[in-house]
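Hello,

Here is the structure I promised you.

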Amino acid sequence: MEQRHLGRTGLRVTRLGLGTLTWARDTDEQEAADQLKVFWEAGGSLVDTADIYADGGAEYLLGRLTEELVAREDLVIATKAGSVLEADRRVDGSRRHLLAALDASLERLGTDYVDLWQLHAFDPQTPLEETLQALDLAVTSGRARYVGLANFSGWQLAKAGTWQLAAPGVRTRLASTQMEYSLLQRGIEREVLPAALDLGIGLLPSSPLGRGVLTGKYRHGTPADSRGASEHLAAFVSPYLDETASRVVEAVTTAADGLAVTPLQVALSWVRDRPGVTAPILGARTAQQLRAALSVETLSLPDEIRRALDDVSAPVHHYPDHDWSTL
């Protein structure tokens with residue numbers, strides 16, 4: 001599998017990553033092992049998890065599998081911290097919480113370090129410089145090799161990235177930002193992506209298949225074994241089962257028919273090759289689904305199809321995102 005540098009850093013990762021959102025919850029140990037084996041045998045390296053996935057269960061399962069199935073040094077392990085499930089708080093970006101969460105993640109993962117440690121979300125209740133200092137301490141202590149963010153808005157990413165660059169050698173450059181990005185969700189093109197490109201921050205798209213909708217599986221209803229029918233994930237999928245999404249899915253399906261490939265391959269190839277993208281994160285329900293997604297490695301969309309998909313999925317952006325003189 002082709003590799004790319006993660007942002008403006010020396011870290012190289014495969015241009016597709018493996019997500020573990022459902023591990024230890026909807027995905028049992030045997031299925032997770034099958035997925036990791038398929039991913040590794042295809043040449044994949046980047047595996048993304050978080051301390052909140054299955055309340056730490058996903059990290060624990062990944063740690064077990066790196067002991068028994070795939071050597072730790074063969075993987076680029078990324079995890080996240082900062083999300084909390086408290087009645088009055090969803091994010092805790094305090095230095096105290098973040099560093100304690102990192103130690104707990106390392107214990108569950110059974111490793112002395114993670115390759116990429118990410119802040120899961122912006123905490124408006126904690127000074128940003130305190131939150132970012134936790135990233136610096138993680139790197140200087142050797143517990144993380146690189147650091148990044150997730151789910152930060154454009155101004156938040158720009159502020160954080162600029163702060164880190166203001167003291168070279170003292171603060172750690174942000175390597176990445178993980179954001180939802182697909183043909184059904186192009187909101188980051190408004191401000192996040194321009195900020196990331198300007199600051200040299202690599203983009204790791206989550207839900208690159210529009211939460212599974214872009215595969216075309218929901219065109220004629222909700223399959224009983226799909227995430228849309230899952231108790232945990234039905235509400236996650238439902239926002240993309242509207243008329244607007246349907247038009248995009250039909251365009252993807254038409255393109256797939258013309259290329260003699262699947263809608264999954266078309267949608268994934270589109271996002272993988274967007275400017276600024278390093279590696280979409282794939283979350284598969286089965287190893288078979290993952291294998292089908294990894295087959296996109298050999299596909300590059302013709303320019304005319306890419307432009308057609310750009311047009312049919314284009315978000316509505318007006319002032320101030322376009323040159324004011326054209327409005």
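Which helices each supply at least two residues of the lining of the second largest pocket? They are α8 (243-259) and α11 (303-313), and α8 gives the most, with four residues.

Before going on: this is a predicted model, where local features need pLDDT of at least 70, side-chain atom pairs count only at pLDDT 80 or more, and totals for chains, interfaces and linings use all residues. Residues are numbered from 1 along each chain as its sequence is written, and side-chain values use heavy atoms, without hydrogens and water.

Helices (H or I, at least four residues) and strands (E, at least two) are DSSP runs numbered from the N terminus. Buried means under 20% relative accessible area, with a 1.4 Å probe and protein chains only. Two strands pair if DSSP finds at least two bridges between them.

Now to helix α6, residues 192-199: Val192, Leu193, Ala195, Ala196 and Leu199 are buried there. Seen down the axis, these buried residues fall within an arc of 160° (taken from the directions from the helix axis to the C-beta atoms), so they line one face of α6. Just after the helix, Gly200 has a positive phi of about 75°.

There is also an open sheet of eight strands, ordered β11-β10-β9-β8-β5-β4-β3-β12 with parallel pairing. Its edge strands, β11 and β12 (281-282), each pair on one side only. β3 (residues 17-19) and β12 are joined in the parallel sense over two bridges, and Gly17 stands opposite Ile281 in β12.

Happy exploring!

Key:
Buried means under 20% relative accessible area, exposed over 50%, partly exposed in between (1.4 Å probe, protein chains only).
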